Amino acid sequence: MKKGLAAGVLALGLAAAAAVWVGRAPRFAHALPDYPMVDLTGVVARAETGKADYRLLFAQTGLGAPAVDALLEEGRGGELEDFQARYFAPCAWKTVKGAAVVRLEVTEKDFEFAPLEKGDILLTPSSRCGGWRNGHAALVVDAEEGLVLEAYSLGCPSQLSSLSTWQDKAAVTVLRLKGVSEERRARMADWARENLVGLPYGLFSGLAWLGESTGPPATQCAHLVWCACAAFGWDIDGCGGWPVTPRDISLSPLLETVQVWGLPQGQRWPS
């Protein structure tokens, strides 16, 4: 009798704790700049002459120096004002059900990426499980074809997906290995495509006792991206330890910001 009562009390306690945990789920979904738009006409004109004000352009468009330079090199400087308009535009979003108990925050219109390159890393905080904003990560393996490599969820092996599946996220960060040539980043992406496709989803991926290396028996989203970089000597886990998460990757000093959208200004991940 007493054991049954104790078990019942324990079950109620766990249920109450779970309810509190779910109820405390972060309310962040999409952030707009908390400062006004400025006229970029003169700023864009100066940028096109080689005098880009990267700090101002980042604040007004969410584009880091690599993205600004890419647009200018392609003769698309005028599009900076289009990125600015989208960056400041109100964004309607909703919560939808993902796999199991995961909830996703998605927008009603597609997000516009700046020019991407092979090996770019995509992060989004727009995925949460109860009170944990777990987020999601992927690796760009073919920028021209718009293909990313990702480990999506339990029961789904790592696979190639269309970049379009990332365009409805309520918030996105694009990162790139800092000071690494485009050729080396492309080789890393090619290696990942050859070696990290079709792996089972593993919640415990990365634990030392599993005997894992950069060629793991299973993976999860952030672990997959970490493995690709680690295979070439770059440890992009900004926190160390286990597990590696999308937030951990956002903290890596080895990465530079290409683009942010829907996040508090200057942040790669909501605080």
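1. Leu122 stands opposite Val174 in E8. The two strands concerned, E3 (residues 121-124) and E8 (residues 172-177), pair in the antiparallel sense over three bridges. Helices (H or I, at least four residues) and strands (E, at least two) are DSSP runs, numbered from the N terminus, and two strands pair if DSSP finds at least two bridges between them.

2. The basis of the note is as follows. This is a predicted model, in which local features need pLDDT of at least 70 and side-chain atom pairs count only at pLDDT 80 or more, while totals for chains, interfaces and linings use all residues. Residues are numbered from 1 along each chain as its sequence is written, and side-chain values use heavy atoms, with hydrogens and water left out.

3. E3 and E8 belong to an open sheet of six strands, ordered E7-E6-E5-E3-E8-E9, with antiparallel pairing. Its edge strands are E7 (159-162) and E9 (255-261), each of which pairs on one side only. From one strand to the next, the twist averages 30°.

4. Helix H7 (residues 221-230) lies across E3, E5 (136-142), E6 (147-150) and E8, and runs at about 45° to E5. Such angles run from 0 to 180 degrees between N-to-C directions, the axes being lines fitted to C-alpha atoms, for helices over the stretch in contact. Contact means heavy atoms within 4.5 Å.

5. A second open sheet has three strands in the order E1-E2-E4, again with antiparallel pairing. E1 (93-97) and E4 (127-129) are the edge strands, each pairing on one side only. Here the twist averages 25° from one strand to the next. E1 and E2 run antiparallel and are joined by five bridges; Lys94 stands opposite Val106 in E2.

6. Leu104 counts as buried because its relative accessibility is 15%; buried means under 20% relative accessible area, exposed over 50%, and partly exposed in between (1.4 Å probe, protein chains only). Leu104 and Ser126 are 22 residues apart in sequence, yet 5.7 Å apart in space, C-alpha to C-alpha.

7. Helix H2 (residues 41-48) has Val43, Val44 and Ala47 buried. Seen down the axis of H2, its buried residues fall within an arc of 95°, so they line one face of the helix; the arc is that of the directions from the helix axis to the C-beta atoms. An α-helix has 3.6 residues a turn, so residues three or four places apart point the same way. The cover over the buried residues of H2 includes H3 (54-61), H4 (65-73) and H5 (79-88). Just after H2, Gly50 takes a positive phi of about 90°.

8. In H3 the buried residues are Leu57, Phe58, Ala59, Gln60 and Thr61. Their cover includes H2, H4, H5 and E9. Gly62 follows H3 and has a positive phi, near 80°.

9. Ser250 is placed in helix H8 (residues 246-250). With 5% relative accessibility, Ser250 counts as buried. Not counting residues up to four places away in sequence, Ser250 touches Leu123, Leu175, Arg268 and Trp269.

10. How many salt bridges are there? The count comes to ten, where a salt bridge is a side-chain nitrogen of Lys or Arg within 4 Å of a carboxyl oxygen of Asp or Glu. One of them joins Arg133 and Glu105 (2.8 Å, N to O). Arg133 lies in the loop between E4 and E5 and Glu105 in strand E2, so the pair ties together parts that are 28 residues apart in sequence. Both Arg133 and Glu105 are buried.

11. Asp190 and Lys118 also meet in a salt bridge (2.7 Å, N to O). This pair links distant parts of the chain, with Asp190 in helix H6 (residues 182-195) and Lys118 in the loop between E2 and E3, 72 residues apart. Asp190 is partly exposed at 29% relative accessibility, as is Lys118, with a relative accessible area of 28%. A network of salt bridges links Glu117, Asp120, Arg176 and Arg185.

12. A search of the whole structure finds zero disulfides, a disulfide being a pair of cysteine sulfur atoms within 2.5 Å. Cys91 counts as buried at 14% relative accessibility, and Cys221 counts as buried at 6%.
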